[in-house]
Amino acid sequence: MVVLSQPVEHVNFPAIKSCNGNSTHIPVVDLSNPDAKTQIVNACQEFGFFKVINHGVPMEIVTKLEAQALSFFKQPQNHKNKAAPFGYGNKNIGRKGDTGWVEYLLFGTDTQLISQNSLTILPNDFWAMVNKYLSAVKNLACEILKLMAEELNLQPKNVLSRLLSDKKSDSFFRINHYPASDRNELGFGEHTDPQIISVIRSNNASGLEIALKDGTWTQVPADPSSFFITVDDCLQVMTNGRFRSVKHRVITESLKERLSMIYFGGPPLSEKIAPSTSLMQGEESLYKEFTWGEYKKAAFNTKLAFNRISFFEKSPS
Ligand SMILES: C=C1C[C@]23C[C@@]1(O)CC[C@H]2[C@@]12CC[C@H](O)[C@@](C)(C(=O)O1)[C@H]2[C@@H]3C(=O)O
Ligand SMILES: O=C(O)CCC(=O)C(=O)O
Ligand SMILES: [Fe+2]
């Protein structure tokens with residue numbers, strides 16, 4: 001078991017009630033199915049969340065990166081702390097005092113600079129694999145966004161995917177490691193992701209939960225060979241609320257360490273985020289206009305569980 005740098009006092013981590021095995025059918029989208037685009041849009045409207053199979057990402061890249069990440073997290077704490085300037089964090093999430101039973105690596109997806117400076121702590125092979133992984137999951141995210149645009153009749157077809165494929169796309173990559181524990185710990189508190197979409201892949205330890213429309217929590221059974229997609233805040237806005245940015249959290253499963261890798265697809269900082277005009281036939285926008293840079297600045301100054309979209313919601317007239 002990995003020992004966290006400061007002893008984690010249980011007083012800060014009251015035993016968390018998970019949703020007691022409550023598990024709803026999570027939508028599964030088979031990307032090789034001609035109906036995939038309809039299934040995606042239905043899932044985004046109903047859940048803001050779905051699982052993708054036949055995704056085309058080579059499992060060899062996934063398992064190699066997972067092994068390298070696990071071997072990093074197994075290093076002594078003083079070694080891992082040296083990676084703090086390169087995105088290593090332990091227990092603390094964000095800048096507003098949120099904590100979780102988690103250690104992680106978090107960085108922007110332009111890994112070139114960061115990799116050159118961290119070679120002894122996170123070696124070349126690691127960064128090479130991160131880059132391979134990111135290129136594969138970014139392609140997957142773009143394919144999904146193209147299918148969404150097609151089903152929603154958005155023009156041009158790449159209106160959503162271009163935001164991630166743009167050289168200036170402000171995307172993040174995070175590898176979360178939740179050490180095993182003999183009780184259910186709050187690994188990562190409830191929140192929505194601020195970006196457009198996130199692509200989650202985890203090992204065989206469950207723990208991820210999503211909130212349904214009625215506010216109840218449901219467990220997401222682990223599936224290491226699949227990817228899970230969340231609709232994020234900006235996509236909710238770009239669809240004028242048709243898609244829901246899904247609230248999610250992680251509650252650790254007893255005695256099993258969880259390792260998850262998440263690509264957060266974000267637009268360029270200067271990109272205006274507004275409902276797509278093709279969806280707005282006579283409809284009023286529910287949101288004030290903003291750029292991703294403005295949203296990010298506001299979002300990264302909030303506590304994890306805060307409803308960030310509310311900053312930009314128009315008050316009903
Ligand atoms: C408490 C926070 C952590 C977070 C920045 C924030 O102020 C609010 C959003 C959080 C979140 C959730 C999704 C991703 O894990 C993340 C990297 C992001 O883009 O927004 C985290 C931020 C973080 O860990 O810094
Ligand atoms: O670790 C996970 O499975 C999800 C974590 C998460 O939601 C996040 O890092 O934003
Ligand atoms: Fe998240």
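**Close-up views of a predicted model**

**View 1. Meet L65 and its neighbours.** Leaving aside residues up to four places away in sequence, L65 touches M129, V130, Y133 and M261; touching, or contact, means that two C-beta atoms, placed from the backbone, lie within 7 Å. L65 sits in helix α2 (residues 59–73). Helices (H or I, at least four residues) and strands (E, at least two) are DSSP runs numbered from the N terminus. L65 counts as buried because it has 23 C-beta neighbours inside 10 Å. A residue is called buried if 20 or more other C-beta atoms lie within 10 Å of its own, exposed if 12 or fewer, and partly exposed in between, with C-beta atoms placed from the backbone. The C-alpha atoms of L65 and S260 are separated by 11 Å, though these residues are 195 residues apart along the chain.

A word on reading these views: the model is predicted, local features need pLDDT of at least 70, side-chain atom pairs count only at pLDDT 80 or more, and totals for chains, interfaces and linings use all residues. Residues are numbered from 1 along each chain as its sequence is written, while chains are lettered from A and ligands numbered from 1 in the order in which they are written.

**View 2. The largest nonpolar core.** This core has 72 residues, and those with the most contacts inside it are F49, A141, I144, M148, I197, V199 and I229. Such a core is a set of buried Ala, Val, Leu, Ile, Met, Phe, Trp, Tyr and Cys residues joined through C-beta atoms within 7 Å. Helix α5 (residues 124–151) gives the most to this core, with 12 residues. Not counting residues up to four places away in sequence, I197 touches several partners, among them A141, I144, L145 and I229.

**View 3. Around ligand 2.** The residues surrounding ligand 2 are R174, N176, F188, D193, I200, S202, L208, H248, V250, S260 and I262; each has its C-beta atom, placed from the backbone, within 6 Å of the ligand. Two or more residues of this shell come from each of β5 (172–178), β7 (197–202), β11 (248–251) and β12 (258–265).

**View 4. Around ligand 1.** Ligand 1 is surrounded by 16 residues, the closest being G94, D98, D193, F300 and L304. Here β4 (98–108) and β5 are the elements that give two or more residues to the shell.

**View 5. The chain as a whole.** The protein chain holds eight helices and 14 strands. Its C-alpha trace spans about 60 × 40 × 40 Å along the principal axes. Buried residues make up 39% of the 317 residues.
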